[in-house]
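Subject: Handover of a structure and findings

Dear colleague,

Please find below the structure that I am passing on to you. I would be grateful if you would read it alongside the notes that come after it.

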Amino acid sequence: MTNTQHTRTQPTVRTCPFDPPEEYRTLREQAPVTPMTLPDGATGWLVTRYEDVRAVLSDPRFSAKRTIPGAGSPEMNDAPVPPPPPGMFILMDAPEHTRFRRLLTGQFTVRRMRQLAPAVEKIVAEQLEAMASAEGPVDLVQAFALPVPSLVICELLGVPYADREEFQRNSATFLRLDASPEESQQAQTAMRGYIHQLALAKRENPTDDILSELVQSGELTDEELAGVGVLLLIAGHETTANMIALSTMCLLRDPEQLGALRADPSLMDSAIEELLRYLTIIQFGLRRTALEDVELHGHQIKEGSLVVASLASGNRDAAHFTDAPERLDVGRPFSPHLAFGHGIHQCLGQQLARVEMKAALSGLLDRFPTLRLAVPVEQVPMRDNMLVYGVHELPVTW
Amino acid sequence: MKILIDEGKCVGAGQCVLAAADVFDQRDEDGIVILLDAVPPHELLPQVQDAAARCPALAIEVVE
Ligand code: HEM
Ligand code: SF4
């Protein structure tokens with residue numbers, strides 16, 4: 001679409017690997033709601049202030065469905081998008097979304113996730129032992145950050161031990177950057193097929209895991225079950241892996257904050273919230289579609305328009321985080337952040353992510369008291385153009 | 001202080017339990033919020049307000 005209003009493009013270039021692009025600051029001050037061309041060429045509105053990001057994400061007039069076909073306004077992104085695949089409730093609105101979310105929330109309560117902690121700690125300890133038996137330097141991403149959440153999801157879904165290697169291989173291809181579209185399509189089909197088979201097996205022999213409970217609830221079709229399984233895998237693997245690796249890198253190059261954390265491990269919970277806020281790995285924000293005309297800061301957002309709520313910008317908004325939001329402070333008193341989104345889609349797996357990050361970071365710091373980067377910071381390959389920010393590789397030694 | 005919750009809105013994110021474990025819990029079956037104490041002592045007000053502010057679904061209302 002050619003529209004002079006959209007000549008501004010969403011900022012993507014970082015000056016520091018841990019800070020969102022500088023322009024966000026100016027946007028928050030001068031153009032908190034602004035027409036924008038997105039990195040993939042789509043056009044829409046970019047929302048950058050903390051309060052506005054929350055407002056958009058908790059407003060049912062903004063749909064999580066992709067573009068609504070046929071709305072026909074000038075701001076519309078014309079290509080109609082097919083409906084979400086069965087079970088992909090992250091792309092659904094209430095009440096469709098509610099049906100899936102309600103079935104799953106009981107499995108992800110604070111209490112259930114704390115009960116899972118020992119199993120997570122065991123997975124972490126095993127990975128750390130394997131890592132310690134190698135000679136440094138090792139790539140922390142491959143040796144630790146990726147396998148931990150993958151194995152935790154196996155635990156959660158009840159993937160039998162015998163299948164875990166293949167499961168991990170498929171999910172790794174699925175997430176690999178340089179996989180060809182055919183390869184990743186194949187891996188995705190394989191995962192879907194596998195989870196489908198697993199669900200059938202759980203129907204025969206239920207065990208103590210999410211998939212079994214979902215099967216037993218009798219509420220979902222086999223396609224929906226497979227879809228939910230794949231969604232949990234996609235949503236919970238890459239995100240957690242990148243938070244573990246990027247947090248490690250961030251701490252390793254901040255001796256003061258790392259020292260404070262090593263000196264007082266009781267800071268771990270607040271450190272995790274702070275790292276989530278500070279690093280906000282869902283770097284390009286969350287997309288919503290206006291279901292009707294909505295006015296936001298005097299701008300008319302037309303029905304059908306795409307709206308991007310920048311979590312990364314909101315999480316650096318000094319109007320909400322009044323004490324130097326550009327600084328990493330592992331002791332920062334908690335204030336609700338946007339790293340897990342907001343509104344009805346706020347991360348279902350957030351309590352699990354917290355348990356995983358805590359086990360992983362505490363375990364890593366304890367096991368390797370002399371852990372350090374094996375290359376200069378500038379040489380760490382960053383995931384600059386990926387939806388989920390982080391590092392491709394993190395060579396560490398001890 | 002009095003607390004009102006809207007089960008219909010709750011999405012089971014558990015933020016309220018993290019903020020004020022003495023006042024909120026989640027049902028085992030579906031993760032929906034349970035009010036342990038609808039009229040909690042005044043010293044819990046900051047925690048309860050924190051819970052209401054964190055709740056992503058705006059399901060908690062605090063009447064002072
Ligand atoms: C640190 C790691 C994680 C981060 C930063 C993260 C971030 C997010 C964000 C921002 C959303 C909102 C998406 C939207 O509104 O469009 C979301 C949703 C979701 N996340 Fe996470 N997530 C993490 C870990 C996990 C884990 C471990 C799981 C599960 C095993 C998980 C499962 C989900 C699911 C199922 C949704 C969709 C919820 C819904 O639509 O109701 N996430 N996540
Ligand atoms: S924070 Fe809100 S949505 Fe989450 S469990 Fe509590 S009431 Fe429900």
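The notes below take the two chains in turn and then turn to individual residues. Please bear in mind throughout that this is a predicted model.

**Chain A as a whole**

Chain A contains 14 helices and ten strands. Its radius of gyration is 21 Å, close to the 21 Å that the globule rule gives for 398 residues, so chain A is as compact as a globular protein of that length. Along the principal axes, the C-alpha atoms of chain A occupy a box of roughly 60 × 55 × 40 Å. Of the 398 residues, 55% are buried. When contacts between residues at least 6 apart in sequence are considered, 71% of those in chain A join residues at least 24 apart.

**Chain B as a whole**

Chain B has two helices and four strands, arranged along the sequence in the pattern β-α-β-β-α-β. The radius of gyration of chain B is 10 Å, close to the 11 Å that the globule rule gives for 64 residues, so this chain is as compact as a globular protein of that length. Its C-alpha atoms fill a box of roughly 30 × 20 × 15 Å along the principal axes. Buried residues account for 50% of the 64 residues of chain B. Among contacts in chain B between residues at least 6 apart in sequence, those joining residues at least 24 apart make up 55%. The accessible surface of chain B is about 2,900 Å², and carbon and sulfur atoms hold 53% of it. For the 4 positive and 12 negative charges of chain B, the mean positions are 5 Å apart.

B:Gly8 sits in the loop between strand E1 (2-5) and helix H1 (15-19) of chain B, and with a relative accessibility of 57% B:Gly8 counts as exposed. B:Gly8 and B:Ala59 are 51 residues apart along the chain, while their C-alpha atoms are separated by 8.0 Å.

**The iron atom of ligand 1**

The iron atom of ligand 1 has a single donor from the protein, namely SG of A:Cys347, at 2.3 Å. A:Cys347 belongs to the loop between helix H13 (311-314) and helix H14 (350-367) of chain A.

**Helix H9 of chain A**

In helix H9 (residues 210-217) of chain A, the buried residues include A:Ile210, A:Leu211, A:Ser212, A:Leu214 and A:Val215. The cover over the buried residues of H9(A) includes helix H3 (96-105), helix H6 (147-157), helix H8 (181-204) and helix H10 (222-252) of chain A. After H9(A) comes A:Gly218, with a positive phi near 70°.

**A:Tyr278 and its surroundings**

A:Tyr278 is part of helix H12 (residues 268-279) of chain A. With a relative accessible area of 10%, A:Tyr278 is buried. Neighbours within four places in sequence aside, A:Tyr278 is in contact with A:Phe18, A:Asp19, A:Cys250, A:Arg316, A:Pro325, A:Glu326, A:Arg327 and A:Leu328. By contrast, the C-alpha atoms of A:Tyr278 and A:Gln197, 81 residues apart along the chain, are separated by 40 Å.

**Backbone features in the loops of chain A**

Two cis peptide bonds should be noted if you intend to work with the backbone geometry. The bond from A:Ala94 to A:Pro95 is cis, with omega near 0°, and A:Pro95 is in the loop between strand E3 (62-63) and H3 of chain A. The bond from A:Gly136 to A:Pro137 is also cis, with omega near -10°; A:Pro137 lies in the loop between helix H4 (110-132) and strand E4 (138-139) of chain A.

Positive phi values also occur in residues other than glycine. A:His297 has a phi near 45° and is placed in the loop between strand E6 (294-296) and strand E7 (299-301) of chain A. A relative accessible area of 47% makes A:His297 partly exposed. A:Ala324 likewise has a positive phi, about 45°, and lies in the loop between H13 and H14 of chain A. A:Ala324 is buried, at a relative accessible area of 19%.

Yours sincerely

How values were computed. Residues are numbered from 1 along each chain as its sequence is written. Chains are lettered from A and ligands numbered from 1 in the order in which they are written. This is a predicted model: local features need pLDDT of at least 70, side-chain atom pairs count only at pLDDT 80 or more; totals for chains, interfaces and linings use all residues. Side-chain values use heavy atoms; hydrogens and water are left out. The radius of gyration is taken over C-alpha atoms; the globule rule is 2.2 Å times the number of residues to the power 0.38. Buried means under 20% relative accessible area, exposed over 50%, partly exposed in between (1.4 Å probe, protein chains only). Contact means heavy atoms within 4.5 Å. Accessible areas come from the Shrake-Rupley method with a 1.4 Å probe; for residues, only the protein chains shown count as cover. Lys and Arg count as positive and Asp and Glu as negative; His and the chain ends are not counted. The place of a charge is taken as NZ of Lys, CZ of Arg, CG of Asp or CD of Glu. Donors are N, O and S atoms within 2.8 Å of the metal (3.2 Å for Na, K and Ca); water is not among the atoms, so sites may look incomplete.
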